[in-house]
Amino acid sequence: MIPFLDLQAQYNSVGHEIESAVLAVLRSGEYVLGRDVREFEEEFARFCGAREAVALNTGTSALHLALLAAGIGPGDEVITVPMTFVATVAAILYVGAKPVFVDIDPVNWTLDPGHLEKAITARTKAIMPVHLHGRLAAMPAILEVAERHGLFVIEDAAQAHGAEAHGQRAGTFGAIGCFSFYPGKNLGACGEGGAITTNRPDLADAIRSLRDWGQAGKYNHVRQGFNFRLDTVQAAALRVKLRHLEAWTRARRDLAGDYDRRLAEHGIAHPAPGGRDHVYHVYAVRVRERDQVRGRLSELGVATGIHYPRPVHLQPAYAGLGYRSGDFAVSEKFAAETLSLPLFPEMTGQQVAQVVEALAHAGAAPAASAA
Ligand SMILES: Cc1ncc(COP(=O)(O)O)c(C=O)c1O
(Lines give C-alpha, C1' and ligand atoms only; values in the text may rest on other atoms or scores of the structure.)
Protein backbone atom coordinates (compact mmCIF):
# COMPACT_ATOMS: atom_id res chain seq x y z
CA MET A 1 0.00 0.00 0.00
CA ILE A 2 1.27 3.50 -0.77
CA PRO A 3 0.21 5.52 2.28
CA PHE A 4 -1.29 8.98 1.95
CA LEU A 5 1.15 10.24 4.56
CA ASP A 6 3.91 8.38 6.40
CA LEU A 7 4.82 9.91 9.76
CA GLN A 8 6.75 6.79 10.72
CA ALA A 9 9.10 7.30 7.77
CA GLN A 10 9.73 10.84 9.03
CA TYR A 11 10.33 9.52 12.53
CA ASN A 12 12.76 6.92 11.22
CA SER A 13 14.85 9.71 9.70
CA VAL A 14 14.87 12.25 12.59
CA GLY A 15 13.59 10.28 15.59
CA HIS A 16 17.02 9.95 17.21
CA GLU A 17 17.39 13.76 17.24
CA ILE A 18 13.87 14.22 18.63
CA GLU A 19 14.42 11.64 21.34
CA SER A 20 17.50 13.34 22.73
CA ALA A 21 15.86 16.81 22.59
CA VAL A 22 12.70 15.56 24.32
CA LEU A 23 14.67 13.59 26.90
CA ALA A 24 16.54 16.78 27.83
CA VAL A 25 13.18 18.51 28.46
CA LEU A 26 11.90 15.58 30.56
CA ARG A 27 15.05 15.77 32.67
CA SER A 28 14.85 19.58 33.02
CA GLY A 29 11.44 19.63 34.72
CA GLU A 30 10.63 22.80 32.68
CA TYR A 31 7.45 21.49 31.05
CA VAL A 32 5.42 24.58 30.13
CA LEU A 33 6.75 27.66 28.25
CA GLY A 34 10.32 26.53 28.88
CA ARG A 35 13.58 27.55 27.20
CA ASP A 36 12.82 25.47 24.08
CA VAL A 37 9.57 27.39 23.59
CA ARG A 38 11.42 30.72 23.63
CA GLU A 39 14.12 29.41 21.29
CA PHE A 40 11.56 27.85 18.96
CA GLU A 41 9.72 31.19 18.77
CA GLU A 42 12.92 32.95 17.73
CA GLU A 43 13.82 30.29 15.19
CA PHE A 44 10.34 30.09 13.68
CA ALA A 45 10.11 33.90 13.43
CA ARG A 46 13.47 33.88 11.61
CA PHE A 47 12.28 31.08 9.29
CA CYS A 48 9.18 33.10 8.36
CA GLY A 49 11.01 36.42 8.16
CA ALA A 50 8.71 37.85 10.87
CA ARG A 51 9.73 40.07 13.75
CA GLU A 52 7.99 37.89 16.33
CA ALA A 53 6.41 34.46 16.73
CA VAL A 54 4.27 33.35 19.66
CA ALA A 55 3.93 29.60 20.21
CA LEU A 56 0.49 28.23 21.12
CA ASN A 57 -1.22 24.92 21.81
CA THR A 58 -3.01 24.66 18.42
CA GLY A 59 -3.52 26.43 15.10
CA THR A 60 -7.14 26.99 16.07
CA SER A 61 -5.97 28.97 19.13
CA ALA A 62 -3.70 30.99 16.81
CA LEU A 63 -6.71 32.06 14.72
CA HIS A 64 -8.82 32.68 17.84
CA LEU A 65 -6.21 34.86 19.60
CA ALA A 66 -5.28 36.69 16.38
CA LEU A 67 -8.90 37.80 16.05
CA LEU A 68 -9.09 38.84 19.72
CA ALA A 69 -5.80 40.76 19.52
CA ALA A 70 -7.13 42.56 16.43
CA GLY A 71 -10.07 43.71 18.56
CA ILE A 72 -12.67 41.75 16.59
CA GLY A 73 -15.83 40.74 18.42
CA PRO A 74 -19.64 40.71 18.43
CA GLY A 75 -21.21 42.75 15.63
CA ASP A 76 -18.12 42.51 13.42
CA GLU A 77 -17.84 40.61 10.15
CA VAL A 78 -14.81 38.67 8.92
CA ILE A 79 -14.52 37.62 5.28
CA THR A 80 -13.10 34.18 4.49
CA VAL A 81 -13.65 31.20 2.17
CA PRO A 82 -15.97 28.20 2.59
CA MET A 83 -13.33 25.88 1.04
CA THR A 84 -11.24 25.45 4.19
CA PHE A 85 -10.94 23.35 7.32
CA VAL A 86 -13.76 24.26 9.76
CA ALA A 87 -11.31 25.78 12.28
CA THR A 88 -11.02 28.98 10.18
CA VAL A 89 -14.73 29.59 10.54
CA ALA A 90 -15.07 28.28 14.10
CA ALA A 91 -12.45 30.79 15.31
CA ILE A 92 -14.46 33.71 13.89
CA LEU A 93 -17.53 32.44 15.75
CA TYR A 94 -15.52 31.94 18.99
CA VAL A 95 -14.96 35.72 19.22
CA GLY A 96 -18.64 36.40 18.53
CA ALA A 97 -18.07 37.78 15.01
CA LYS A 98 -19.89 36.71 11.84
CA PRO A 99 -18.09 34.76 9.09
CA VAL A 100 -18.92 36.10 5.60
CA PHE A 101 -17.89 33.82 2.75
CA VAL A 102 -16.55 34.57 -0.70
CA ASP A 103 -15.77 31.88 -3.27
CA ILE A 104 -12.32 30.59 -4.24
CA ASP A 105 -10.60 31.24 -7.53
CA PRO A 106 -10.66 28.17 -9.82
CA VAL A 107 -6.94 28.20 -10.62
CA ASN A 108 -5.32 28.60 -7.18
CA TRP A 109 -8.23 27.35 -5.02
CA THR A 110 -7.72 30.34 -2.69
CA LEU A 111 -9.83 33.44 -1.92
CA ASP A 112 -10.85 35.14 -5.18
CA PRO A 113 -10.05 38.85 -4.65
CA GLY A 114 -12.54 39.71 -7.40
CA HIS A 115 -15.38 38.84 -4.99
CA LEU A 116 -14.10 40.91 -2.06
CA GLU A 117 -15.62 44.34 -2.75
CA LYS A 118 -19.19 43.10 -2.88
CA ALA A 119 -18.79 41.23 0.44
CA ILE A 120 -17.56 44.29 2.37
CA THR A 121 -20.10 46.07 4.57
CA ALA A 122 -19.88 48.76 7.27
CA ARG A 123 -19.37 45.92 9.79
CA THR A 124 -16.45 44.24 8.02
CA LYS A 125 -13.32 44.32 10.18
CA ALA A 126 -11.00 41.72 8.68
CA ILE A 127 -10.19 39.44 5.77
CA MET A 128 -8.90 35.97 6.56
CA PRO A 129 -7.41 34.34 3.44
CA VAL A 130 -6.47 30.65 3.64
CA HIS A 131 -3.31 29.43 1.89
CA LEU A 132 -5.08 26.20 0.96
CA HIS A 133 -2.94 23.10 0.30
CA GLY A 134 0.17 25.22 0.98
CA ARG A 135 -0.26 27.69 -1.90
CA LEU A 136 -0.22 31.41 -1.13
CA ALA A 137 -3.50 33.23 -1.69
CA ALA A 138 -3.40 36.26 -4.02
CA MET A 139 -1.92 38.47 -1.31
CA PRO A 140 -1.09 41.66 -3.28
CA ALA A 141 -4.69 42.00 -4.52
CA ILE A 142 -6.16 41.10 -1.10
CA LEU A 143 -3.87 43.57 0.70
CA GLU A 144 -4.77 46.32 -1.76
CA VAL A 145 -8.51 45.92 -1.03
CA ALA A 146 -7.85 45.62 2.73
CA GLU A 147 -5.81 48.80 2.78
CA ARG A 148 -8.40 50.74 0.81
CA HIS A 149 -11.12 49.72 3.31
CA GLY A 150 -9.00 49.86 6.48
CA LEU A 151 -9.36 46.12 7.20
CA PHE A 152 -7.13 43.77 9.17
CA VAL A 153 -5.65 40.84 7.24
CA ILE A 154 -5.14 37.66 9.26
CA GLU A 155 -3.59 34.85 7.22
CA ASP A 156 -4.64 31.26 7.87
CA ALA A 157 -1.21 29.84 7.07
CA ALA A 158 -1.90 26.52 8.85
CA GLN A 159 -0.90 24.61 5.70
CA ALA A 160 1.73 26.94 4.26
CA HIS A 161 4.94 27.03 6.35
CA GLY A 162 7.56 28.70 4.16
CA ALA A 163 5.43 29.45 1.06
CA GLU A 164 6.84 32.65 -0.39
CA ALA A 165 6.49 35.32 -3.06
CA HIS A 166 9.32 37.73 -3.92
CA GLY A 167 11.24 36.54 -0.86
CA GLN A 168 8.36 37.23 1.56
CA ARG A 169 6.91 34.26 3.41
CA ALA A 170 3.44 33.17 4.51
CA GLY A 171 2.50 34.75 7.82
CA THR A 172 4.17 38.11 7.09
CA PHE A 173 1.80 39.61 4.50
CA GLY A 174 -1.06 40.43 6.84
CA ALA A 175 -0.99 41.89 10.36
CA ILE A 176 -0.90 38.35 11.84
CA GLY A 177 -0.14 34.90 10.41
CA CYS A 178 -1.59 31.75 12.00
CA PHE A 179 0.13 28.37 11.81
CA SER A 180 -0.75 24.83 12.88
CA PHE A 181 1.78 22.19 13.89
CA TYR A 182 -0.72 19.32 13.86
CA PRO A 183 1.39 16.18 13.23
CA GLY A 184 0.53 15.83 9.52
CA LYS A 185 1.37 19.45 8.69
CA ASN A 186 4.60 20.28 6.79
CA LEU A 187 6.05 21.24 10.18
CA GLY A 188 4.28 18.97 12.66
CA ALA A 189 4.67 18.46 16.40
CA CYS A 190 4.53 15.06 18.13
CA GLY A 191 1.05 16.11 19.24
CA GLU A 192 -0.70 19.47 18.99
CA GLY A 193 0.89 22.87 18.42
CA GLY A 194 0.41 26.24 16.75
CA ALA A 195 1.87 29.74 16.49
CA ILE A 196 1.22 33.25 15.30
CA THR A 197 3.73 35.45 13.50
CA THR A 198 3.62 39.24 13.34
CA ASN A 199 5.79 42.28 12.75
CA ARG A 200 3.84 44.24 15.38
CA PRO A 201 5.21 43.89 18.94
CA ASP A 202 1.91 45.18 20.41
CA LEU A 203 -0.01 42.28 18.82
CA ALA A 204 2.66 39.76 19.87
CA ASP A 205 2.51 41.04 23.47
CA ALA A 206 -1.31 40.85 23.55
CA ILE A 207 -1.25 37.26 22.24
CA ARG A 208 1.50 36.24 24.71
CA SER A 209 -0.70 37.53 27.51
CA LEU A 210 -3.93 35.99 26.11
CA ARG A 211 -2.32 32.51 25.83
CA ASP A 212 -1.33 32.63 29.52
CA TRP A 213 -4.50 33.69 31.35
CA GLY A 214 -4.27 37.35 30.33
CA GLN A 215 -1.39 37.89 32.71
CA ALA A 216 1.04 40.83 32.70
CA GLY A 217 3.29 39.38 35.37
CA LYS A 218 2.41 36.59 37.78
CA TYR A 219 -1.21 36.72 39.03
CA ASN A 220 -1.74 40.16 37.48
CA HIS A 221 -4.63 39.38 35.10
CA VAL A 222 -5.08 42.45 32.90
CA ARG A 223 -7.37 40.77 30.34
CA GLN A 224 -9.54 37.64 30.25
CA GLY A 225 -7.23 35.05 28.84
CA PHE A 226 -6.92 31.35 28.12
CA ASN A 227 -4.62 28.43 28.75
CA PHE A 228 -3.31 28.13 25.16
CA ARG A 229 0.39 27.56 25.99
CA LEU A 230 2.68 25.23 24.01
CA ASP A 231 4.26 22.33 25.93
CA THR A 232 8.07 22.50 26.09
CA VAL A 233 8.29 18.89 24.84
CA GLN A 234 6.49 19.92 21.62
CA ALA A 235 8.74 22.95 21.18
CA ALA A 236 11.82 20.71 21.51
CA ALA A 237 10.50 18.36 18.81
CA LEU A 238 9.53 21.31 16.58
CA ARG A 239 13.02 22.83 16.89
CA VAL A 240 14.52 19.59 15.56
CA LYS A 241 12.03 19.33 12.70
CA LEU A 242 12.37 23.01 11.75
CA ARG A 243 16.03 22.32 10.91
CA HIS A 244 14.83 19.83 8.26
CA LEU A 245 11.90 21.81 6.90
CA GLU A 246 13.67 23.47 3.94
CA ALA A 247 14.90 20.06 2.72
CA TRP A 248 11.45 18.52 3.21
CA THR A 249 9.85 21.35 1.23
CA ARG A 250 12.35 20.83 -1.61
CA ALA A 251 11.43 17.12 -1.64
CA ARG A 252 7.70 17.97 -1.73
CA ARG A 253 8.24 20.36 -4.65
CA ASP A 254 10.29 17.78 -6.59
CA LEU A 255 7.61 15.12 -6.08
CA ALA A 256 4.89 17.59 -7.14
CA GLY A 257 6.90 18.30 -10.30
CA ASP A 258 7.00 14.53 -10.96
CA TYR A 259 3.24 14.36 -10.51
CA ASP A 260 2.71 17.31 -12.90
CA ARG A 261 4.78 15.63 -15.63
CA ARG A 262 3.43 12.11 -15.25
CA LEU A 263 -0.21 13.20 -15.00
CA ALA A 264 0.22 15.29 -18.18
CA GLU A 265 1.70 12.24 -19.96
CA HIS A 266 -1.42 10.27 -19.08
CA GLY A 267 -3.75 13.12 -20.09
CA ILE A 268 -4.98 13.56 -16.50
CA ALA A 269 -5.43 17.19 -15.46
CA HIS A 270 -2.99 18.37 -12.80
CA PRO A 271 -3.25 21.46 -10.60
CA ALA A 272 -1.68 24.70 -11.81
CA PRO A 273 2.05 24.14 -11.20
CA GLY A 274 3.36 25.98 -8.16
CA GLY A 275 6.64 27.79 -7.71
CA ARG A 276 8.08 29.00 -4.44
CA ASP A 277 4.57 30.21 -3.54
CA HIS A 278 3.56 26.57 -3.00
CA VAL A 279 4.88 24.20 -0.30
CA TYR A 280 2.62 21.30 -1.35
CA HIS A 281 1.05 20.39 1.94
CA VAL A 282 -1.51 18.70 -0.31
CA TYR A 283 -1.32 17.71 -4.00
CA ALA A 284 -4.92 17.52 -5.22
CA VAL A 285 -6.34 16.64 -8.63
CA ARG A 286 -9.95 17.03 -9.74
CA VAL A 287 -11.63 13.96 -11.24
CA ARG A 288 -15.12 12.99 -12.26
CA GLU A 289 -16.81 10.27 -10.18
CA ARG A 290 -14.26 10.98 -7.46
CA ASP A 291 -15.62 8.55 -4.87
CA GLN A 292 -15.59 5.59 -7.30
CA VAL A 293 -12.07 6.49 -8.47
CA ARG A 294 -10.98 6.72 -4.84
CA GLY A 295 -12.41 3.26 -4.11
CA ARG A 296 -10.64 1.75 -7.13
CA LEU A 297 -7.36 3.39 -6.10
CA SER A 298 -7.69 1.88 -2.67
CA GLU A 299 -8.16 -1.58 -4.25
CA LEU A 300 -5.02 -0.89 -6.29
CA GLY A 301 -3.05 -0.13 -3.10
CA VAL A 302 -3.06 3.68 -3.15
CA ALA A 303 -4.40 5.62 -0.15
CA THR A 304 -5.83 9.08 -0.86
CA GLY A 305 -7.46 11.94 1.06
CA ILE A 306 -10.17 14.55 0.39
CA HIS A 307 -9.57 18.19 1.37
CA TYR A 308 -12.46 18.90 1.78
CA PRO A 309 -15.54 16.86 0.79
CA ARG A 310 -18.04 19.53 1.86
CA PRO A 311 -17.45 23.30 2.01
CA VAL A 312 -18.07 24.84 5.44
CA HIS A 313 -21.24 26.73 4.38
CA LEU A 314 -22.90 23.34 3.73
CA GLN A 315 -21.78 21.70 6.99
CA PRO A 316 -24.76 21.07 9.32
CA ALA A 317 -22.99 22.78 12.24
CA TYR A 318 -22.84 26.06 10.29
CA ALA A 319 -26.35 25.99 8.77
CA GLY A 320 -27.21 28.90 11.08
CA LEU A 321 -25.07 31.19 8.92
CA GLY A 322 -27.91 31.02 6.38
CA TYR A 323 -26.03 29.92 3.26
CA ARG A 324 -27.44 27.43 0.78
CA SER A 325 -26.29 24.94 -1.82
CA GLY A 326 -25.43 26.90 -4.98
CA ASP A 327 -24.11 29.97 -3.15
CA PHE A 328 -20.42 29.22 -3.92
CA ALA A 329 -20.25 27.35 -7.21
CA VAL A 330 -16.47 26.84 -7.43
CA SER A 331 -16.08 25.61 -3.83
CA GLU A 332 -19.03 23.24 -4.19
CA LYS A 333 -17.84 21.82 -7.52
CA PHE A 334 -14.28 21.35 -6.26
CA ALA A 335 -15.49 19.73 -3.02
CA ALA A 336 -17.24 17.09 -5.14
CA GLU A 337 -14.24 16.46 -7.39
CA THR A 338 -11.10 16.98 -5.33
CA LEU A 339 -8.84 14.03 -4.62
CA SER A 340 -5.59 14.43 -2.66
CA LEU A 341 -2.80 12.11 -3.78
CA PRO A 342 -0.08 10.68 -1.50
CA LEU A 343 2.68 13.22 -0.89
CA PHE A 344 5.28 13.25 1.87
CA PRO A 345 9.00 14.11 1.76
CA GLU A 346 10.18 10.49 2.12
CA MET A 347 8.06 9.33 -0.85
CA THR A 348 9.99 8.15 -3.93
CA GLY A 349 9.63 9.15 -7.59
CA GLN A 350 8.81 5.52 -8.28
CA GLN A 351 5.87 5.67 -5.89
CA VAL A 352 4.64 8.79 -7.72
CA ALA A 353 4.80 6.80 -10.98
CA GLN A 354 2.81 3.96 -9.33
CA VAL A 355 0.13 6.36 -8.10
CA VAL A 356 -0.28 7.90 -11.57
CA GLU A 357 -0.42 4.44 -13.22
CA ALA A 358 -3.09 3.44 -10.70
CA LEU A 359 -5.05 6.63 -11.42
CA ALA A 360 -4.97 5.87 -15.16
CA HIS A 361 -6.08 2.28 -14.40
CA ALA A 362 -8.85 3.52 -12.13
CA GLY A 363 -10.28 5.41 -15.11
CA ALA A 364 -9.73 8.87 -13.67
CA ALA A 365 -11.34 11.31 -16.09
CA PRO A 366 -10.49 14.95 -15.65
CA ALA A 367 -13.29 17.09 -14.24
CA ALA A 368 -14.65 19.76 -16.56
CA SER A 369 -13.21 23.23 -16.11
CA ALA A 370 -14.87 25.22 -13.35
CA ALA A 371 -14.56 28.60 -14.94
C1 LIG B 1 -6.59 25.68 7.06
C2 LIG B 1 -6.52 25.27 8.50
N3 LIG B 1 -6.86 26.17 9.45
C4 LIG B 1 -6.79 25.86 10.76
C5 LIG B 1 -6.38 24.62 11.19
C6 LIG B 1 -6.42 24.32 12.67
O7 LIG B 1 -5.19 23.94 13.19
P8 LIG B 1 -5.13 22.95 14.48
O9 LIG B 1 -5.61 21.62 14.04
O10 LIG B 1 -3.68 22.98 14.84
O11 LIG B 1 -6.00 23.55 15.54
C12 LIG B 1 -5.98 23.67 10.24
C13 LIG B 1 -5.47 22.33 10.59
O14 LIG B 1 -5.95 21.49 11.21
C15 LIG B 1 -6.08 23.99 8.86
O16 LIG B 1 -5.74 23.11 7.91
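Student: Is His-313 buried or exposed?
Tutor: His-313 counts as buried, at 2% relative accessibility. Buried means under 20% relative accessible area, exposed means over 50%, and partly exposed is in between, using a 1.4 Å probe and the protein chains only. The areas themselves come from the Shrake-Rupley method with a 1.4 Å probe, and for residues only the protein chains shown count as cover.

Student: Before we go on, what kind of model is this?
Tutor: A predicted one: local features need pLDDT of at least 70, side-chain atom pairs count only at pLDDT 80 or more, and totals for chains, interfaces and linings use all residues. Residues are numbered from 1 along each chain as its sequence is written, and side-chain values use heavy atoms, with hydrogens and water left out.

Student: OK, back to the histidine. Where is His-313?
Tutor: In the loop between α10 (290–299) and α11 (329–337). Helices (H or I, at least four residues) and strands (E, at least two) are DSSP runs, numbered from the N terminus.

Student: And which side chain does the side chain of His-313 make a polar contact with?
Tutor: That of Glu-332, at 2.8 Å. A polar contact is a pair of N or O atoms within 3.5 Å; within protein, one must be able to donate a hydrogen and the other to accept it, and residues adjacent in sequence count only if both atoms are side-chain atoms.

Student: What else is His-313 in contact with?
Tutor: Leaving aside neighbours within four places in sequence, the list includes Pro-82, Phe-101, Tyr-323 and Arg-324. Contact here means heavy atoms within 4.5 Å.

Student: Tell me about the partner. Where is Glu-332 found, and is Glu-332 buried or exposed?
Tutor: Glu-332 is in helix α11, and is buried, with a relative accessible area of 17%. The Glu-332 side chain also reaches the backbone nitrogen of Asp-327, at 3.3 Å. Not counting residues up to four places away in sequence, Glu-332 touches, among others, Pro-311, Leu-314 and Ser-325.

Student: Switching to the ligand. How many residues surround the ligand, and which are the closest?
Tutor: There are 16, and the closest are Gly-59, Thr-60, Asp-156, Ser-180 and Lys-185. A residue is near a molecule or strand if one of its heavy atoms lies within 4 Å of it.

Student: Which helix gives the most to that shell around the ligand?
Tutor: α3, with three residues. α3 (59–69) and α4 (87–94) each supply at least two residues of the shell.

Student: What about Thr-60, Ser-180 and Lys-185, where do their polar side-chain atoms lie?
Tutor: A polar side-chain atom of Thr-60 lies 2.5 Å from an oxygen atom of the ligand. For Ser-180 the distance to a ligand oxygen atom is 2.7 Å, and for Lys-185 it is 3.1 Å. Taken alone the ligand exposes 390 Å², and the protein buries 92% of that.

Student: Where does the ligand sit?
Tutor: In the largest pocket. On a 1 Å grid over the protein atoms alone, a pocket is an open set of points with protein on both sides within 12 Å along at least five of seven lines. A molecule sits in a pocket if more than half of its atoms lie within 2 Å of the pocket's grid points.

Student: Next, α8. Why is helix α8 largely enclosed by the rest of the structure?
Tutor: Because ten of the eleven residues of α8 (232–242) are buried. They include Thr-232, Gln-234, Arg-239 and Lys-241. The buried residues of α8 pack against α1 (7–28), α2 (35–48) and α9 (245–265).

Student: Now the backbone. Which peptide bond is cis?
Tutor: The bond from His-307 to Tyr-308, with omega near 10°. Tyr-308 is in the loop between α10 and α11. Most residues other than glycine have a negative phi, and most peptide bonds are trans.

Student: What's the phi of Trp-109, and of Trp-213?
Tutor: Phi of Trp-109 is near 65°, and Trp-213 has a positive phi of about 60°. Trp-109 is found in the loop between β3 (98–101) and α5 (116–119), while Trp-213 is in the loop between α7 (201–211) and α8.

Student: Are those buried or partly exposed?
Tutor: Trp-109 is buried, with a relative accessible area of 8%. Trp-213 is partly exposed, at 42%.

Methods: 1 Å grid on protein atoms, 1.4 Å probe; cavity = no way out; pocket = protein on both sides within 12 Å on 5 of 7 lines; lining within 4 Å.
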